[in-house]
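Please look through the sequence and the structure below.

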Amino acid sequence: MTALELLTGDAQNFVEKVWASQVHLHETDPADLVGLLSFDDVDHLLTATAIRTPAVRLAQNGSVLPASAFTRSGATLAGQALTGLVDARKVIDLFEGGATVVLQGLHRYWPPLTRLVAELELALGHPCQANAYLTPPASQGFAVHSDSHDVFVFQTHGSKLWEVHPALGEDATGPREVLLEPGLSMYLPTGTPHAARAQDAVSLHVTIGVNQLTWRALLDRAVSDALARVDADSHLPAGYLDRPEQLEQGLAERLQALGAALSATDAAAVADAQTRSFLERRGPGLRGAMVDRMQLDEVGLGTSLRRRPGKPCVLRPDGERLHLLLGDRRVTVPVRITAAVERARTLEVFTPDELGLDPQSALVLSRRLIREGLLEVVR
């Protein structure tokens, strides 16, 4: 099951009919969601690690508490001051008093959510992030508000009653109530006003924020490229205040030149640049890569391999070469082995001898793709 299927049920239907337009609910096996971040996991992060701000913040009665209320001073590491270190006892006391604990940027340090977010980014083509909200019984961390990005929400402990208002411009009679419990996920498009209150037990829910890339950004890229071919940076003519026809004529000439430059714009090249830019900003996603690299010589024709979860791999043929866009790097191989690369990219689990190459070439390709971080050894 893909990350998008886990959260939406029918990934294709969601992308075609629901995405960015309406609230969507999906019910799945609770264990699939609870396993991503449990109450025990949050307890571990807060009480048994050196977690620091801004990875943690607290809110109560609609206000964010100052970091000084739940951090401690004087901590050092190798003689250097360790600032923003969370004081577990202070957090627990504030939580017991009604404060909501927010874990921010979990995709950067909690492996199950790192993988989920990476897979969602590849499925949607938009940057994503993961936060979690731990709320005491019968408490509410934030008043009604709306987010500037789309949100997936799912409950992993307790329950929370959500008040979901119609988004601006949406035809609806009033707010609806949604009780989120483990196993139920909800999608809220940008600008959907909402608030949520924990019920009779501790509530833990995860939000996956989707920071949309818009057509405006792609058009800006195209226009910027076109402007580079137009005389746009020379000074306005001196004296144009008294002779506005100079400004009018100069602007008309440049608009005409810009129109011609835009007409000559290679849409495929602009789209490809957008793809490259998005992929290059993704994290390397190399969990387990050190072990794999140190045991590279042990990889044989019968070694089980798979594509590293959430790892980008976009193929770009270029004459006799094939470029593999892997996010943090580009790998180039001969175009004649495209079929083998496609197998390595798409098969769930495979061995080098299933790539359709001679034994030596299969090992060379497999070991290189392990070294480059695309593949991992299945253990």
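The largest nonpolar core has 43 residues, and Leu 113 and Ile 208 have the most contacts inside it. A nonpolar core here is a set of buried Ala, Val, Leu, Ile, Met, Phe, Trp, Tyr and Cys residues joined through side-chain atoms within 4.5 Å. Buried means under 20% relative accessible area, exposed means over 50%, and partly exposed lies in between (1.4 Å probe, protein chains only). Helix α6, residues 111–124, gives the largest share of this core, 5 residues. Helices (H or I, at least four residues) and strands (E, at least two) are DSSP runs, numbered from the N terminus. A second, separate core has 22 residues, including Leu 296, Leu 305, Ala 344 and Leu 365. In soluble globular proteins, nonpolar side chains tend to be buried together.

This is a predicted model, in which local features need pLDDT of at least 70 and side-chain atom pairs count only at pLDDT 80 or more, while totals for chains, interfaces and linings use all residues. Residues are numbered from 1 along each chain as its sequence is written, and side-chain values use heavy atoms, with hydrogens and water left out.

Which residues does Ile 208 touch, not counting residues up to four places away in sequence? Among them are Leu 116, Val 117, Leu 120, Phe 152 and Phe 154, and the list also includes Gln 129 and Asp 150. Contact means heavy atoms within 4.5 Å.

The backbone has a few features to look at next. Most residues other than glycine have a negative phi, and most peptide bonds are trans. The peptide bond from Thr 53 to Pro 54 is cis, with omega near 5 degrees. Pro 54 sits in the loop between α4 (39–47) and β2 (56–60). Asn 61 is not a glycine, yet its phi is positive, near 55 degrees. The loop between β2 and β3 (63–64) holds Asn 61, and this residue is exposed, with a relative accessible area of 71%. Ala 138 also has a positive phi, about 55 degrees, without being a glycine. Ala 138 is in the loop between β9 (128–135) and β10 (150–157) and is exposed at 52% relative accessible area.

Turning to charged side chains, the structure holds 16 salt bridges. A salt bridge is a side-chain nitrogen of Lys or Arg within 4 Å of a carboxyl oxygen of Asp or Glu. One of them joins Glu 245 and Arg 243, at 3.6 Å from N to O. Glu 245 is partly exposed at 43% relative accessibility, and Arg 243 is partly exposed at 45%.

Arg 276 forms a salt bridge with Asp 272, with the closest N and O atoms 2.7 Å apart. The two residues are 4 residues apart in helix α9 (residues 267–280), so about one helical turn separates them. Arg 276 is partly exposed at 21%, whereas Asp 272 is buried at 18%.

The closest N and O atoms of Arg 329 and Glu 372 are 2.8 Å apart. Arg 329 is partly exposed at 40%, while Glu 372 is buried at 14%. Elsewhere, salt bridges that share partners join Asp 292, Arg 306, Arg 308, Glu 376 and Arg 379 into one network.
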